[in-house]
Amino acid sequence: MGALMRAVSDRLDEHVSLLRIDSIVWQAGQVIGRHEPDRAAARAELVSHFETVGLESDPARRLADELTVAM
């Protein structure tokens, strides 16, 4: 988990705590769970959520794609 925190922090060029990473993953899981097995609906809500919390559209879409690939 420490390696994950360092990688995310390095990529964003700012410290991101493990609790924040865990919160993001938990939130994404809640969204996915509400829409399972509808991948398109889960993906659309994830993109909207990520944009609402400050992620730009392209990274939001890529992250949503990655988190719903197995649906």
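This note goes through a predicted model of a protein chain, point by point.

1. Overall make-up. The protein chain has 71 residues, and its secondary structure comes to 4 helices and 0 strands. Read from the N terminus on, the order of elements is α-α-α-α. The C-alpha trace spans about 35 × 25 × 20 Å along its principal axes.

2. Burial and contacts across the chain. Residues that count as buried make up 18% of the 71 in the protein chain. Of the contacts between residues at least 6 apart in sequence, 29% join residues at least 24 apart.

3. The loop between H1 and H2. Two residues of this loop deserve a look: Asp13 and Glu14. Asp13 has a positive phi of about 60°, although Asp13 is not a glycine. Are these residues buried or exposed? Asp13 has a relative accessible area of 70% and is therefore exposed, the cut-off being over 50%. Glu14 passes that cut-off too, with 51% relative accessibility, so Glu14 counts as exposed. From Glu14 to Pro59 there are 45 residues in sequence, and their C-alpha atoms lie 17 Å apart in space.

4. The loop between H2 and H3. Pro37 is placed in this loop. The peptide bond leading from Glu36 to Pro37 is cis, and its omega is near 5°.

5. The packing of H2 and H3. Two packed helices are described by the angle between their axes and the distance between the axes. For H2 and H3, the axes come within 8 Å and cross at roughly 145°. The crossing of H2 and H3 is right-handed.

6. The residues in that contact. Which residues of H2 meet H3? On the H2 side they are Ile24, Gln27, Ala28, Val31, Ile32, Arg34 and His35. Their partners in H3 are Ala41, Ala42, Glu45, Leu46, His49 and Phe50. By type, the residues of the contact of H2 with H3 divide into 8 nonpolar, 3 polar and 2 charged.

7. The largest pocket. The space in the largest pocket is about 960 Å³. Helix H1 (2-12), helix H2 (18-35), helix H3 (39-52) and helix H4 (57-68) are the elements that give two or more residues to its lining. How many residues line the largest pocket, and which lie nearest its centre? The lining is made of 22 residues, and those nearest the centre are Val8, Leu12, Ile24, Leu55 and Leu63. In type, the lining of the largest pocket has 14 nonpolar, 3 polar and 5 charged residues. Ile24 should be noted on two counts: Ile24 is one of the lining residues nearest the centre of the pocket, and Ile24 is among the residues of H2 that meet H3.

8. Ala7 in helix H1. Ala7 is found in helix H1. Ala7 and Leu67 are 60 residues apart along the chain, and a distance of 18 Å separates their C-alpha atoms.

9. Ala40 in helix H3. Ala40 has its place in helix H3. With 57% relative accessibility, Ala40 counts as exposed, since exposed means over 50%. Ala40 and Asp10 are 30 residues apart in sequence, and the distance between them in space is 31 Å, C-alpha to C-alpha.

Definitions and conventions
Residues are numbered from 1 along each chain as its sequence is written. This is a predicted model: local features need pLDDT of at least 70, side-chain atom pairs count only at pLDDT 80 or more; totals for chains, interfaces and linings use all residues. Side-chain values use heavy atoms; hydrogens and water are left out. On a 1 Å grid over the protein atoms alone, a cavity is a set of points where a 1.4 Å probe fits but cannot get out, and a pocket is an open set with protein on both sides within 12 Å along at least five of seven lines; lining residues have an atom within 4 Å of a point. Grid points are joined across faces, edges and corners, and a volume is the space filled by probe spheres set on the points. Ala, Val, Leu, Ile, Met, Phe, Trp, Tyr, Cys and Pro count as nonpolar, Asp, Glu, Lys and Arg as charged, and the others, Gly among them, as polar. Buried means under 20% relative accessible area, exposed over 50%, partly exposed in between (1.4 Å probe, protein chains only). Axes are lines fitted to C-alpha atoms, for helices over the stretch in contact, and angles run from 0 to 180 degrees between N-to-C directions. A crossing is left-handed if the near helix is turned anticlockwise from the far one by less than a right angle, and right-handed if clockwise. Contact means heavy atoms within 4.5 Å.
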